[in-house]
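Open the model in your viewer and keep the selection tool ready. We will go stop by stop.

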Amino acid sequence: MANASTPVDNPVLRVAPAAPAEAAAYFSASLAFHADVSDVAAALAAAGPGGDPGFVLVDTRSTESWDQGHVPGALHLPTALLPQLADRLLDPAVPVVTYCWGPGCNGATRAALALSLRGYRVKEMLGGFEYWVREGFAYETAEGGGRRSPDPLTAPVVEDADCGC
């Protein structure tokens, strides 16, 4: 545990942690903007096939990327087409959750910005399609469905196990 005698050359504590109230505000705001893959999967599973999870999941990638693989039940709405199609395909009263390839891609962030500027309530799915697949959830491709075993570095390998987060 760090204390007042912690050396200033400590790379973790060179910049002091935020005060608890500031940290609480920051992390609360983060949860208002983000959802993780396992929470999205749990909400979709609870709603059941064709059910209403309370949000629309939007894949913001190109058609080629969508065909390569996407989350079952997601709406395909590429970021480039948002200005032409969003108001036709989305209900402003229903929250939107965007995703793209993964943590190295900011396509979902750009789409979330574009949608919020149009008046939609938006969250971004952290990890994108990459973590959806890595966590072992089913996906669809142009050729049919698929599912990989969970990556033990990203999710419990026991079926239906809770990560404890």
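Select V97. This residue sits in strand 4. The model is predicted, so every stop on this tour describes a prediction. Is V97 buried or exposed? V97 is buried, because its relative accessible area is 6%, and the cut-off for buried is under 20%.

Now show what surrounds V97. Setting aside neighbours within four places in sequence, V97 is in contact with V40, F55, V56, L57, V58, K123, E124 and M125. In sequence, V97 and A43 are 54 residues apart. In space, their C-alpha atoms are 12 Å apart.

Strand 2 pairs with strand 4 in the parallel sense, over four bridges. Strand 5, residues 122-126, also pairs with strand 4 in the parallel sense, over three bridges. Stop at T98. Opposite T98 stands V58. In strand 5, the bridge partner of T98 is E124.

Move along to D59. This residue lies in strand 2, which covers residues 56-59. D59 counts as buried because its relative accessibility is 0%. What does the side chain of D59 make a polar contact with? Its partner is the side chain of Y99, at 2.7 Å.

Show the rest of the surroundings of D59. Leaving aside neighbours within four places in sequence, the contacts of D59 are W66, G69, H70, L75, H76, L77, P78 and Y99.

Last stop: the largest pocket. How much space lies in the largest pocket? The value is about 1,000 Å³. The largest pocket is lined by 40 residues, and those closest to its centre are A41, A42, A45, W132 and F137. Select these five to find the place. Then colour helix 2 (37-47) and strand 2, the elements that give two or more residues to the lining. Helix 2 gives the most, with seven residues.

Finally, colour the lining by residue type. The lining of the largest pocket holds 25 nonpolar, seven polar and eight charged residues.

Notes: Residues are numbered from 1 along each chain as its sequence is written. This is a predicted model: local features need pLDDT of at least 70, side-chain atom pairs count only at pLDDT 80 or more; totals for chains, interfaces and linings use all residues. Side-chain values use heavy atoms; hydrogens and water are left out. Buried means under 20% relative accessible area, exposed over 50%, partly exposed in between (1.4 Å probe, protein chains only). A polar contact is a pair of N or O atoms within 3.5 Å; within protein, one must be able to donate a hydrogen and the other to accept it, and residues adjacent in sequence count only if both atoms are side-chain atoms. Contact means heavy atoms within 4.5 Å. On a 1 Å grid over the protein atoms alone, a cavity is a set of points where a 1.4 Å probe fits but cannot get out, and a pocket is an open set with protein on both sides within 12 Å along at least five of seven lines; lining residues have an atom within 4 Å of a point. Grid points are joined across faces, edges and corners, and a volume is the space filled by probe spheres set on the points. Ala, Val, Leu, Ile, Met, Phe, Trp, Tyr, Cys and Pro count as nonpolar, Asp, Glu, Lys and Arg as charged, and the others, Gly among them, as polar. Two strands pair if DSSP finds at least two bridges between them.
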